[in-house]
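User: Hi! I would like to learn how the words used for a structure are tied to numbers. Could you take me through this one?

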Amino acid sequence: MDEHGDGIRGSFRVIPGGAGFQGDAPPGSPDEPALVAAFLVGDDAAFGELVRRNEDLVLRVVRRFARSPEDARDLAQRAFLRALEAARRGVASGRREGFPFRRWLLRIAVNLAKNHLRDASRWTRAPLEAVAADASATAADEALARAESARSVRRAVMRLPRRQREVLTLRVDAELPFAEIAATLGITENAAKVSFHHAARRLREVAEREDRP
Amino acid sequence: VTPCRDYDVLLSLRAAGALDGDEAARLDAHLPGCAACRAGLDGYAGALALARLPAVSETERAAASGLAVAVVAESARRVRRRHRLGGLLFTGLSAAAVIAAVVVGPSLLRGPAPPAEDPALLADAGWQEPDLDEIWETTNVIDWGE
């Protein structure tokens, strides 16, 4: 099963390489392993380029779990620094070629987000406030009802089992193909799709319950 | 209304834009004749749309600006700190080596220590009570006479 959703109502756009669209490498620029190798021999500019290429993607992954924009930025920064340490250790242990920086980065971001979620008070604020603000601005009953449904569904996302939540986040927020989600989480592509289906079914149940008068 | 069991997974994947090839064709052939699955597809699409976060706000963009610069600066700071700690460790070890040389050095310069005494010889070399009778018998008494 490949990734296509054009023309399907309500489906998701999947960008090759995920949602790091602002950080795509310009033609002729060094690839990721070359940048990692350059940084590890002291080229700070190479790491800056790695960050620029992936920062949107990481922010999208952690955004759902952050209590504020600054919190999201802090989580993203920690993810990059830990990925850097992982790259250093990888090279120190002899893995000089082909270090999967982006995969490590995503895995670390997902883990940081999971740990951040332990404090339940953190996830009830930031993104949901934006919805509430939109709703109050329109002051329409329909918009308010939709905002309430969105609130319930997003809370349900946080209550999903860990694996389902990770897959859903990487698909819905980061817009990654299932093959990359599977590689990031160290599972098969089929397992990733099954986890996604269970998560989507749970969210559909919550949304339908919200729709009932 | 519950979607057909055989198509339920395909419906959620279609709603996520992740269905193509034979499975997509199979679902496309099934949907026109199945109201339950059409409703199921709408349900999945609606739930996933609700699950999506709002678009990134200007506040978020502003907070995230300069992330690359900040990360590189923090990384450089950590490297400097690691080097400083390494330098401190080197200095500490050097100081410990100097102290050890001062304490242990003189004894090394004195040369090798004398061999240890044989415990058996030391035991024999101890003081013994004299045998007075033997001493008396072997002593010549001087007769001064008159």
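Analyst: Happy to! The buried residues of α9(A) are A:Ala192, A:Lys193, A:Ser195, A:Phe196, A:His197, A:Ala199, A:Ala200, A:Leu203, A:Arg204, A:Val206 and A:Ala207. Buried means under 20% relative accessible area, exposed over 50%, and partly exposed in between (1.4 Å probe, protein chains only). This is a predicted model, where local features need pLDDT of at least 70 and side-chain atom pairs count only at pLDDT 80 or more, while totals for chains, interfaces and linings use all residues. Residues are numbered from 1 along each chain as its sequence is written, chains are lettered from A in the order in which they are written, and side-chain values use heavy atoms, without hydrogens and water.

User: What do the buried residues of α9(A) pack against?

Analyst: They pack against α6 (141-159), α7 (162-173) and α8 (178-185) of chain A, together with α1 (8-15) and α3 (35-51) of chain B. Contact here means heavy atoms within 4.5 Å. Helices are DSSP runs (H or I, at least four residues), numbered from the N terminus.

User: How do you know that the span of helix α9 of chain A agrees with what it should be?

Analyst: The expected span is 1.5 Å times one less than the number of residues. For the 23 residues of α9 (residues 189-211) that gives 33 Å, and the end C-alpha atoms are 33 Å apart, so the two agree.

User: Why is A:Glu166 called buried?

Analyst: Its relative accessible area is 5%, so A:Glu166 falls under the cut-off and counts as buried. A:Glu166 sits in helix α7 of chain A. Beyond its neighbours within four places in sequence, A:Glu166 is in contact with A:Val110, A:Asn111 and A:Leu185.

User: What makes B:Asp8 and A:Arg201 a salt bridge?

Analyst: The rule asks for a side-chain nitrogen of Lys or Arg within 4 Å of a carboxyl oxygen of Asp or Glu. The side chains of B:Asp8 and A:Arg201 meet at 3.8 Å, N to O, so the pair passes. Across the interface of chain B and chain A, the rule finds three salt bridges.

User: How much area do chain B and chain A bury between them?

Analyst: About 4,500 Å², 63% of it on carbon and sulfur atoms. Buried area is the accessible area (1.4 Å probe) that two parts lose on being put together, summed over both. In chain B, B:Leu50, B:Leu53 and B:Leu67 lose the most area to chain A, together 16% of what that side buries.

How values were computed. Helix = DSSP H or I, 4+ residues; strand = E, 2+ residues; numbered from the N terminus.
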